[in-house]
Amino acid sequence: MSCASCARSGSVACRRSPDDPSNAYDTDPRAARLGRALFSDVRLSRNGALSCATCHPPGGGFQDRKPVAEGLARLTRRSMPLTGVAYNTWFFWDGRKDSLWAQALTPIENPLELGMPRAGVVTLVAAHYRGEYEAIFGALPAEPRAESATTRAFVNVGKAIAAFVRTIAPTPSRFDHYVEAALAGRAPDAAGTLSATEIRGLRLFIGRARCTNCHAGPLFTNGEFHFTRVPQGVTERGRSDAIALLRGDELNCLGPYSDARPDACSALRFMDPDTRDTLQAFKTPSLRNVAVRAPYMNAGQFATLGDVLRFYRDKTHGMKEIAHGDLSDRELADLEAFLGTLTAPVAALAGDP
């Protein structure tokens, strides 16, 4: 895809990931290389067998395809895709973090996931990554049990991992090549050819099916939270509980470990504190590569993409944002075919970690 047509199409596959004002190191290639190594280092887990890559394997497009994540224990939500995650405003299914670095740190110290205390992380970095770390962030604390210094070093680990994860991005799919050809006023080449079924699905997606109410933009998500009536196997409050957690988090954009000026934290500063409409609301995930990352929803409630489409057709009547009209089974098949055109390889810094 050419630079000019790519810019016109708005494809995320052609854009440079946005800078995070709360992370002064997110565009530092040294931090990204350190983060790449840390991402796959099993020594960051209490049992020495788990890493970020356990739930986000590079060979699987950084998605483990399990119904729910499995760390030191089985969790209640599935791992979210990392493709294009640098464009997010909120992180996790409930949005309880507002930066990629804060998100990266959460599973490391969560006793159910990697279960590594902050002092243990700093000790490991001092033993195995001291040179790389200190070239970027300065001296490690002499005493890793000093709480504030330890937390600062721990945060820097998250910022390095985030510098790597922000490089995880989609490459142009058949849909992107199709759009490029349409914008250029020419017939698509083999890389951008869509079948009649896929074109019908595209027309439904942007038209009568109203999918773009939630799945708009280059990543096919509005990045917001919606109650969709998806059945929950456990008690889930979703975004409703996350709002208070985020506002009180020392690792948020306004906290002491953020590199952002307060005026750069507008999403957090102006976040709606009202929880009345956010009970069991979860974030709209990107549809990039959606056809190859079953199962679906926040806890893998649906085994196939067809199951998801039938649910939205049959169970969301009367819900303004997510009701999808009176679609036939054939039209659902057309929509599913179109979603397959969003599949493409995932790129990351220097290939697979």
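Modeller: Start with a definition. A cavity is a set of grid points where a 1.4 Å probe fits but cannot get out. This model is predicted.

Biologist: How many cavities of 30 Å³ or more does the count come to?

Modeller: The count comes to one. The largest cavity has a volume of about 640 Å³.

Biologist: What makes a residue part of the lining of the largest cavity, and which residues are closest to its centre?

Modeller: A lining residue has an atom within 4 Å of a cavity point. The largest cavity has 42 such residues. Closest to its centre are His215, Pro285, Met297, Val308 and Tyr312.

Biologist: Which elements give two or more residues to that lining?

Modeller: They are β3, α12 and α13. Helix α12 gives the most, with four residues.

Biologist: Let us turn to Thr284. Where is Thr284 found?

Modeller: Thr284 is in the loop between β3 (282-283) and α12 (305-315).

Biologist: Why is Thr284 called buried?

Modeller: Buried means under 20% relative accessible area. Thr284 has 7%, so Thr284 counts as buried.

Biologist: What makes the link between the side chains of Thr284 and Asn222 a polar contact?

Modeller: The cut-off for a pair of N or O atoms is 3.5 Å. The contact between these two side chains is 3.3 Å, so the pair falls within that cut-off. Thr284 also touches other residues, including Cys214, His215, Thr221 and Glu224.

Biologist: Now the helices. Which residues of α13 are buried?

Modeller: In α13 (residues 329-339), the buried ones are Glu331, Leu332, Asp334, Leu335, Phe338 and Leu339.

Biologist: How do you know that these residues line one face of the helix?

Modeller: Look down the axis of α13. The buried residues fall within an arc of 155 degrees, so they line one face. Asp329 and Arg330 are exposed on the other side of α13.

Biologist: What covers the buried residues of α13?

Modeller: The cover includes α8 (174-184), α9 (196-206) and α12. Helix α9 has buried residues too, among them Ile199, Leu202 and Phe205. What covers those of α9 includes α8 and α13.

Biologist: And α6? Which of its residues are buried?

Modeller: Tyr133, Ile136 and Phe137 are the buried residues of α6.

Biologist: What puts them on the same side of α6?

Modeller: Their arc around the axis covers only 75 degrees, which puts them on the same side. The cover over them includes α2, α5 and α7. Just after α6, Gly138 takes a positive phi of about 90 degrees.

Biologist: What makes a set of residues a nonpolar core?

Modeller: The members must be buried, be of a listed type such as Leu, Phe, Ile or Val, and be joined through side-chain atoms within 4.5 Å. The largest nonpolar core here has 44 residues. Leu38, Phe39, Ile161 and Val165 have the most contacts inside this core.

Biologist: Which helices each supply at least two residues of this core?

Modeller: They are α2 (29-39), α3 (52-55), α4 (100-109), α5 (118-128), α6 (130-137) and α7 (147-165). Helix α7 gives the most, with 10 residues. Ile161 touches Gly35, Leu38, Phe39, Cys52, Ala104 and Ile108, leaving out residues up to four places away in sequence.

Biologist: What lies apart from this core?

Modeller: Another core does, with 28 residues. Among them are Leu202, Leu309, Leu332 and Leu335. In soluble globular proteins, nonpolar side chains tend to be buried together.

How values were computed
Residues numbered from 1 in each chain as written. Predicted model: local features only at pLDDT ≥ 70, side-chain atom pairs only at ≥ 80, totals over all residues. Heavy atoms only, no water. Buried < 20%, exposed > 50% of the residue type's maximum accessible area, 1.4 Å probe, protein only. Polar contact = N/O pair within 3.5 Å; in protein donor to acceptor, adjacent residues only side chain to side chain. Contact = heavy atoms within 4.5 Å. Arc of directions from axis to C-beta. 1 Å grid on protein atoms, 1.4 Å probe; cavity = no way out; pocket = protein on both sides within 12 Å on 5 of 7 lines; lining within 4 Å. Points joined across faces, edges and corners; volume = space filled by probe spheres on them.
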